[in-house]
Amino acid sequence: MLFGQGDKIVLIGDSITDCDRGRPIGEAGNGGAGHGYVELVDAFLQSAYPERKLRVVNVGTSGHTVRDLKARWQTDVIDQKPDWLTIMIGTNDVWRQFDRPMLPELQVPIDEYERTLEELVVQTQPLVKGIVLMTPFFVEPCREDRMRMQMDRYGAVVRAVAERNGTLFVDTQAAFDRVLEHIYSAQLTWDRVHPNKAGHLILARTLLDAVGFDYAK
């Protein structure tokens with residue numbers, strides 16, 4: 001398992017990461033990690049690897065895009081001095097193109113998304129042991145759905161940035177797609193974006209798989 005003794009793991013993103021985390025910084029414990037996949041990741045880590053004394057910190061913020069992440073990067077990432085950083089962003093960058101089509105200032109075009117995400121990765125990589133890039137997702141099995149198609153394009157950008165910079169890569173969309181072969185999307189999320197507990201467990205397990213979590217412990 002890649003997370004080592006005393007490592008501090010910071011997870012940043014939007015509402016899917018936020019999930020009512022503690023403020024100003026969501027230290028895990030007593031509900032500080034929120035009620036989503038970050039809380040589940042912490043629970044898995046503390047139960048299986050208590051001797052490593054891992055510290056999990058949630059700095060997700062609802063409604064945020066990659067543009068917003070850049071604006072708070074110093075305080076919410078650099079100043080936290082993480083050993084490991086996970087980034088899952090892009091849902092609102094895409095969603096605003098569909099639910100706020102008349103407000104282009106709220107939308108983040110794909111070229112800006114890619115440029116900004118890579119800038120943040122390059123800036124932070126020398127300061128940490130590792131970065132995990134997680135794709136945005138849309139819990140919709142029809143790949144011809146317009147928002148699903150756009151989310152897949154942004155997910156492909158995440159893969160490309162990960163490959164160019166040698167970070168770990170988590171394909172959350174592929175993880176949901178495997179489950180959607182067997183159940184209806186409403187069993188995982190009411191709006192195809194914000195997961196219920198089962199959906200958050202999919203995210204947590206997919207992230208833990210990427211860092212070599214040993215489920216036999």
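Predicted model: local features only at pLDDT ≥ 70, side-chain atom pairs only at ≥ 80, totals over all residues.
Which helices do the buried residues of H5 pack against?

1. **Helix H5 and its neighbours.** The buried residues of H5 are Thr-91, Asn-92, Asp-93, Val-94, Trp-95 and Arg-96. They pack against helix H1 (15-18), helix H3 (66-71), H6 and helix H7 (146-165).

2. Now follow the chain into the loop between helix H5 (91-99) and helix H6 (110-124), where you will find Leu-106. Leu-106 is partly exposed, because its relative accessible area is 37%. Together with Met-102 and Leu-103, Leu-106 makes a nonpolar surface patch of about 300 Å².

3. **The sheet.** Next, look for an open sheet of 6 strands with mixed pairing, in the order S2-S3-S1-S4-S5-S6. At its edges stand strand S2 (26-27) and strand S6 (168-170); each has a single partner strand, so one side of each is left without a neighbour in the sheet. As background, strands of a sheet pair through backbone hydrogen bonds, either parallel or antiparallel.

4. **A pair to trace.** Strand S4 (residues 84-88) and strand S5 (residues 130-134) run parallel and are joined by 5 bridges. To get your bearings, find Thr-86, which stands opposite Val-132 in S5.

5. **Helices on the sheet.** H7 packs on the sheet and touches S5 and S6, with its direction at about 165° to that of S6. Helix H9 (residues 197-210) lies across strand S1 (8-13), S4, S5 and S6, and runs at about 155° to S6. While you are looking at H7, recall that the buried residues of H5 pack against this helix too.

Definitions and conventions. Residues numbered from 1 in each chain as written. Heavy atoms only, no water. Patch = residues over 30% accessible without salt bridge, like charges linked within 9 Å, V, L, I, M, F, W, Y side chains within 5 Å. Areas by Shrake-Rupley, 256 points an atom, 1.4 Å probe, with all protein chains shown as cover. Salt bridge = Lys/Arg side-chain N within 4 Å of Asp/Glu carboxyl O. Helix = DSSP H or I, 4+ residues; strand = E, 2+ residues; numbered from the N terminus. Buried < 20%, exposed > 50% of the residue type's maximum accessible area, 1.4 Å probe, protein only. Contact = heavy atoms within 4.5 Å. Pairing = 2+ DSSP bridges. Axes fitted to C-alpha atoms, helices over the stretch in contact; angles between N-to-C directions.
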